[in-house]
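User: I would like to learn how to read side-chain pairings and helix geometry in a model like this one. Could you take me through it step by step?

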Amino acid sequence: MNSEVYKESPVVHQPAFIDGHSVEIPILKILQQDGSVYQGAELPKIDQALATRIYKALAFHRVLDERMVGAQRQGRISFYMAALGEEAASVGGAAGLEDQDMIMAQYREQGALMYRGFSLEDFMNQMFSNEKDLGKGRQMPIHYGSNALNYMTISSPLGTQIPQAAGYAYGQKLQGKDAVTMCYFGEGAASEGDFHAGLNMAAVHQAPVIFFCRNNGYAISTPADEQFVGNGIASRGVGYGIKTIRIDGNDILAVLKATQLAREYALKENKPVIIEAMSYRLGAHSTSDDPSGYRTREEEAKWQAHDPILRMKNWMLANEWWDEAQETALFESLREDVLAAVKVAEKIDKPPVEDLVTDVYDQVPEHLNKQLNELKQHIKKYPESYPFTAGRIK
């Protein structure tokens with residue numbers, strides 16, 4: 001046993017139990033809802049250009065979510081997950097990174113991809129699974145990925161990206177790269193075994209990874225107090241010997257500041273960091289969910305008063321970096337652009353069925369070619385069941 005780990009422990013001669021709440025974890029707040037800064041708060045590195053870029057990404061995020069939930073209700077796409085009320089976590093986190101840093105997201109971080117420059121057309125092509133989709137139609141809507149933007153393709157199984165991020169960051173370290181990995185996940189995913197495996201691996205091997213937990217209060221319909229009884233997710237970071245910070249996830253300046261400092265530390269020390277961003281999921285978990293079945297409108301109304309986008313807007317107005325005319329023009333143009341992009345993307349052909357077996361192997365193996373031919377024959381036999389594909393089978 002390595003006694004160095006325990007040398008700081010005080011000695012007692014009577015039993016003394018402790019629990020997760022024995023560690024007091026402060027919450028970083030910089031920006032108030034009215035746009036004023038708390039007295040004594042330390043601002044992140046930010047200027048007007050960066051603030052404007054962040055705000056436009058936040059606005060794009062909200063409009064895209066608004067329009068695509070509507071598109072799903074109209075039957076134009078099959079599924080969608082909005083991030084109403086949580087936009088600051090993903091956009092602010094990405095803004096605290098550098099372009100060479102890898103982002104491994106869960107499924108509510110489209111804001112990070114927006115900030116990095118993923119085009120409106122790319123978003124639409126993925127959600128409609130058309131032939132211009134970078135993923136060739138192989139994934140559900142909102143499961144984005146971009147090699148060019150260092151944004152790892154999202155996986156549906158919960159928590160898989162956590163140990164992957166630890167391993168990827170360890171690889172960055174071994175290669176001497178000037179880069180870290182940011183891993184986003186919700187507090188529900190922290191109940192998966194992958195969470196504990198990933199954190200322990202990163203801590204032991206000293207990987208430069210930032211674990212960013214969006215604690216939005218619910219894992220689908222399960223409230224946080226029914227998921228765990230400890231002191232949130234931050235206390236677990238302390239337990240694994242990882243530098244940890246808890247922040248107001250609706251405070252864009254707190255998110256940006258914490259991420260900037262976390263990146264600096266992870267890169268310099270080659271060690272992991274945990275950020276727990278306290279927020280609230282104002283919308284449904286997905287378009288398949290009805291939150292009225294497990295929470296009250298009074299609870300939702302309370303959190304609507306903490307809108308992160310309005311908070312940043314108020315700060316921008318106070319700094320005279322933004323005005324109401326710009327606000328109106330931005331949201332009007334975004335709504336028009338998104339609607340126009342929907343109409344274009346939904347008319348683009350679906351990927352050819354051959355794309356199902358490409359990209360994994362340098363040469364498609366015989367057993368996959370056999371399966372592909374069998375699939376083609378099946379589609380030809382039942383063309384009415386495959387209206388988007390049958391007409392393109394050769």
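**Reading pairs, burial and a helix**

Analyst: Buried means under 20% relative accessible area, exposed over 50%, and partly exposed in between (1.4 Å probe, protein chains only). This is a predicted model, in which local features need pLDDT of at least 70 and side-chain atom pairs count only at pLDDT 80 or more, while totals for chains, interfaces and linings use all residues. Residues are numbered from 1 along each chain as its sequence is written, and side-chain values use heavy atoms, with hydrogens and water left out.

User: Which side chains meet Asp248 in salt bridges?

Analyst: The general idea is that side chains of opposite charge can pair when their charged atoms come close. A salt bridge here is a side-chain nitrogen of Lys or Arg within 4 Å of a carboxyl oxygen of Asp or Glu. One partner of Asp248 is Lys29, at 3.2 Å from N to O. Asp248 belongs to strand 8 (residues 243-248) and Lys29 to the loop between strand 1 (27-28) and helix 1 (48-73), so this bridge ties together parts that are 219 residues apart in sequence. Helices (H or I, at least four residues) and strands (E, at least two) are DSSP runs, numbered from the N terminus. Arg311 also forms a salt bridge with Asp248, at 3.0 Å from N to O. Since Arg311 sits in helix 11 (residues 308-318) and Asp248 in strand 8, that pair ties together parts 63 residues apart in sequence.

User: How many salt bridges does the whole structure hold?

Analyst: A search finds 18. Among them is Glu66 with Arg335, at 3.2 Å from N to O. This pair links distant parts of the chain, with Glu66 in helix 1 and Arg335 in helix 12 (residues 324-345), 269 residues apart. Glu66 is partly exposed at 39% relative accessible area, and Arg335 is partly exposed at 29%. Elsewhere, salt bridges join Glu86, Arg108, Glu109 and Arg214 into a network.

User: And how should I read aromatic pairs?

Analyst: A pair of aromatic rings is described by the distance of the centres and the angle of the planes. Rings of Phe, Tyr and Trp (its six-membered ring) pair if their centres lie within 6.5 Å; planes under 30 degrees apart count as stacked, over 60 as edge-to-face and the rest as tilted. The structure holds 11 aromatic pairs. Phe118 and Phe123 have ring centres 4.9 Å apart and planes at 90 degrees, so they are edge-to-face. Both Phe118 and Phe123 are buried. The rings of Tyr218 and Tyr294 are tilted, because their planes lie at 50 degrees, with centres 5.4 Å apart. Ring pairs also link Phe60, Phe118, Phe123 and Tyr144 into a cluster.

User: What span should helix 5 have?

Analyst: The expected span of a helix is 1.5 Å times one less than its number of residues. Helix 5 (residues 161-174) has 14 residues and should span 20 Å; its end C-alpha atoms are 20 Å apart, which agrees. Its buried residues include Gln161, Ile162 and Ala165. Gly176, which follows helix 5, has a positive phi, near 70 degrees.
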